[in-house]
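Morning. I will go through one structure, with a few local points and then the contact between chains. Please have a look first.

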Amino acid sequence: MAGVQVGKRIIGADAPVIVGWENIGRVQGGPVKQFVFTYFQPAMLFAAILFWYYAPNWLAVASTAIAIRLGWMILLLALEWVNPRYESWQLTWKEFATDAFYVGLGMTFLGMVDAYIGDGVIIKAVQGVFDWEKFSWFTGLPLLLQAVLISMIFDFGQYWMHRAMHNWYPLWLTHAPHHYITQLNINKGAVGNPIELFLIGLGIGGLFDFLPRAFLLAGAIGMTVSVYQHINVRFNTPRWWRFIFNTVEHHSVHHSQDYEATRSNYSGTWIIWDRIFGTCVDGEAEVLGMEGGRRMHIGETMIFPFREGWRSTKAALDKRFGRGANPQLQTAQMEPAE
Amino acid sequence: MSGTSGGIASETTGPWGAAPSPERPAGLPTMRVPLIDHIWRVRGDVPIDPLLAPEEVFARLDPLLRTPGTAVRAEGGTLTYSKDNPAAQDKLATFTCGQLRIERVGAGAVLRFDLFSHALLLCFLAPLLFLGFAQMAVAINAWEGAGADASEKAEKKDEKPKPVKVLNPVDQFLGAPAPEDPNKKKKDEKKDEGRHSPDEGYFMAGVFALIYLVGRWLEPWLVRRRFRAALANPPAAG
């Protein structure tokens, strides 16, 4: 495969990747369908912002956000059914059940663990070290600006954590299971080893003093932007949107079977971080996964970082002390890929 | 006839994978538990053309079985398959092993299938796991609650009044509701029920019960439809 040169890199040499907006697919169908799937994303973003901006205090609470999110997920599942991007990504009962397991694990067990070692606890521990009162003027900023700042600060942290996961082997071991997915559906963001899900969820936004409503607004931006990175829906996303925000097109490139392509598009919500740091590739891919698309089941996902970490350490020790490399262990080692 | 059927691939590769294929199909697990095994087993039949030879019937099913990680063995009128962690794109992914048997019924013939699903079994058991997480939340809350009362009293003494936040003039002009006074105590404030909520665990247990019921109905319906569609189409020449 020849691939396409993007900057100094060749994208799509190992597996098919479409590079360039002019080459990606368009919504097929009549004018109503074209209209809906062109303006759905911005319309929902503005609706969510308006709701959280004007909702009375009794309604602007976390439980409302959870209820809206549930309804939102059901709506997006319906869209995946009506207008899928690729047939090979179409959600099956078994895949839905598998994804639901990871979502449930995040909501229950990991939530409990997070209460002891999550970012909230870390922030509380370091809050006494600095005089954070100096940042209290943040609460006087316009609400939308606060919300954008919260979202961008969180995503900035996520960008570098994600990039580190693709470039430092111990972190890669935690992130690799997420790259064995061969489809993108709205719940696929929850699929992965629990250690990775914990690390990627760490944010520094809580360090600063923002208004509660600004946090809800930032959550609404996340819900109506970053949720699309794992969606199997064909949209005619507006140019301005895909310049600023991450899209499923960007994220499918990141998940493709092409090694160089996976080393791009690290951000969760704001693709402009990738544009600023030179890792953005505009395009899309259908054939996703690792090791030629091998499916990783739940059990292997849970033990993968420990098993591979043990094998790599053992192989390194054997090499260091000249005990003769075990060919079986060598084949188990993998190159970090996004 | 015995051995691997000529038209059925026992080891195949594709864009979604080249998973290692078991050498011989394991067939259905030997454990037979009447009634209870309805949880994970699906049995049924689809009518077939009685004039078709078994080889022809199995050749028509070949596209469904020619997937990465699938081992197939056909002996006479019986075909057994087993899948090793099938890909998400595999049409029979839910049923990891199964037996298909051609039977004469009067003047006609049917293809009887007896399929085993790890996914259905695990989904059936999943509510227990999430109920366990819910109970874990309750137990941790009770354990932590024992030592919490004393520290709560100590904390109350040095409570300082919190500053009241004011909206930016732009937001005031646009009519956003002002933030609440953090010093005002809510009348309906409930007693602290602990750090963890068991509700998510109960919710997910319910979700998995629903997923199981939907899957137990949907997947047999889909597999019957797929067998029927495959059997209606002669295999492509060559």
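Is A:N265 buried or exposed? This is a predicted model, in which local features need pLDDT of at least 70 and side-chain atom pairs count only at pLDDT 80 or more, while totals for chains, interfaces and linings use all residues. Residues are numbered from 1 along each chain as its sequence is written, and chains are lettered from A and ligands numbered from 1 in the order in which they are written.

Now the answer. A:N265 counts as buried because it has 27 C-beta neighbours inside 10 Å. The term buried requires 20 or more other C-beta atoms within 10 Å of the residue's own, exposed means 12 or fewer, and partly exposed is in between, with C-beta atoms placed from the backbone. A:N265 sits in the loop between α12 (259-262) and α13 (272-277) of chain A; helices here are DSSP runs of H or I with at least four residues, strands are runs of E with at least two, and both are numbered from the N terminus. Its phi is positive, about 55°, although A:N265 is not a glycine. Most residues other than glycine have a negative phi.

A:E291 is another non-glycine with a positive phi, about 50°. Its loop runs between β4 (283-284) and α14 (298-320) of chain A. With 14 C-beta neighbours inside 10 Å, A:E291 counts as partly exposed.

On to chain B and its strands. β3 (residues 78-83) and β4 (residues 97-105) of chain B pair in the antiparallel sense over 5 bridges, pairing being at least two DSSP bridges between two strands. B:T80 has B:Q99 in β4(B) as its bridge partner. β4(B) also pairs with β5 (residues 108-116) of chain B, antiparallel, over 9 bridges, and B:E103 stands opposite B:V110 in β5(B). β4(B) and β5(B) form a hairpin with 2 residues between them, and B:G106 in the turn has a positive phi of about 60°.

Last, the contact between the chains. How many residues does each chain give? Chain B gives 38 residues and chain A gives 34, contact meaning C-beta atoms, placed from the backbone, within 7 Å. On the side of chain B that touches chain A, α2 (118-157), α3 (169-174) and α4 (199-232) of chain B each supply at least two residues. The largest share, 10 residues, comes from α4(B). That is what I have.

Technical notes:
Two residues are in contact if their C-beta atoms, placed from the backbone, lie within 7 Å.
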